[in-house]
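Q: Can we walk through this structure together? I'd like to start with the overall build and then look at single residues.

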Amino acid sequence: DNSPAKITVDGTDFRTMEYRPFNKGRYSHKFKGPGLRYEVAIAIRAGYIVHINGPFWCGAWSDLRIARSHLHRILPDGERYVADRGYRERYGPSITKGEISPEERPRVNALLARHETINRRFKQWAILRERFRHTDNLLGPIFSAIANITQIEIENGAHVWDI
């Protein structure tokens, strides 16, 4: 593979209960309410889930801030990743649409669309689709279990787009 990137990265938000007192750091613009965010990385070649990180408060942690907190430190030297514009930075390892040639944009669009379909698979589980009504510390093990089940499904033939 001659691509400089081996993974796609995206954040996915999950609704949570509103805690008192109100804290704007929990606010997700995606559904105009409180939420927690996870970072997910997908291998470009195999379509496998290769990294998850979270949970983070949606309003306090942007996608790029989450990536800088851990992913940027564990990437091998020179390795980059494909992501949406929420990861745009001048001298970082992310590759966004604005940085690629028009000829490569259809492939990048397909990669990001595949990533969104995997994010959507997480929300096929009612506990992640509906408002999470448990303490924040329970979401981590639940999300990890669902990510692992989703990965096992992919490894056993659950269709992901071939890119």
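A short chat about this structure follows.

Q: What should I know about the model and the numbering before we start?
A: This is a predicted model, where local features need pLDDT of at least 70, side-chain atom pairs count only at pLDDT 80 or more, and totals for chains, interfaces and linings use all residues. Residues are numbered from 1 along each chain as its sequence is written, and side-chain values use heavy atoms, with hydrogens and water left out.

Q: OK. How many helices and strands does the protein have?
A: The protein has four helices and six strands. Helices (H or I, at least four residues) and strands (E, at least two) are DSSP runs, numbered from the N terminus.

Q: In what order do the elements run from the N terminus?
A: The order is β-β-β-β-α-β-β-α-α-α.

Q: How much of the protein is buried?
A: Buried residues make up 44% of the 163 residues. Buried means under 20% relative accessible area, exposed over 50%, and partly exposed in between (1.4 Å probe, protein chains only).

Q: New topic: charges. How many positive and negative side chains are there?
A: There are 26 positive and 19 negative side chains. Lys and Arg count as positive, Asp and Glu as negative; His and the chain ends are not counted.

Q: How many salt bridges does the structure hold?
A: Four. A salt bridge is a side-chain nitrogen of Lys or Arg within 4 Å of a carboxyl oxygen of Asp or Glu.

Q: Which residue does D13 pair with?
A: D13 forms a salt bridge with R37, with the closest N and O atoms 2.6 Å apart. D13 is in strand β1 (residues 5–15) and R37 is in strand β3 (residues 33–43), 24 residues apart. D13 and R37 are both buried.

Q: What about D63?
A: D63 also forms a salt bridge with R37, at 3.7 Å between the closest N and O atoms. D63 lies in helix α1 (residues 63–74) and R37 in strand β3, so the pair ties together parts that are 26 residues apart in sequence.

Q: And E89, which partner does its side chain meet?
A: E89 meets R68 in a salt bridge (2.7 Å, N to O). E89 sits in the loop between β5 (80–83) and β6 (94–95), and R68 in helix α1, 21 residues apart. E89 is buried, at 17% relative accessible area. R68 counts as partly exposed, at 43%.

Q: Which residues do shared partners join into one network?
A: Salt bridges that share partners join D13, R37 and D63.

Q: What is the story with E79?
A: E79 is in the loop between α1 and β5. E79 is buried yet has no salt bridge. The nearest side chain of opposite charge is K6, 5.3 Å away. Leaving aside neighbours within four places in sequence, E79 is in contact (heavy atoms within 4.5 Å) with P4, K6 and P93.

Q: Now the backbone. Where is the cis peptide bond?
A: It joins G54 and P55, with omega about 5 degrees. P55 lies in strand β4 (residues 49–57).

Q: Last one: is K32 buried or exposed?
A: K32 is exposed, with a relative accessible area of 65%. K32 lies in the loop between β2 (27–28) and β3. K32 has a positive phi of about 50 degrees although it is not a glycine.

Notes
Charge placed at Lys NZ, Arg CZ, Asp CG, Glu CD.
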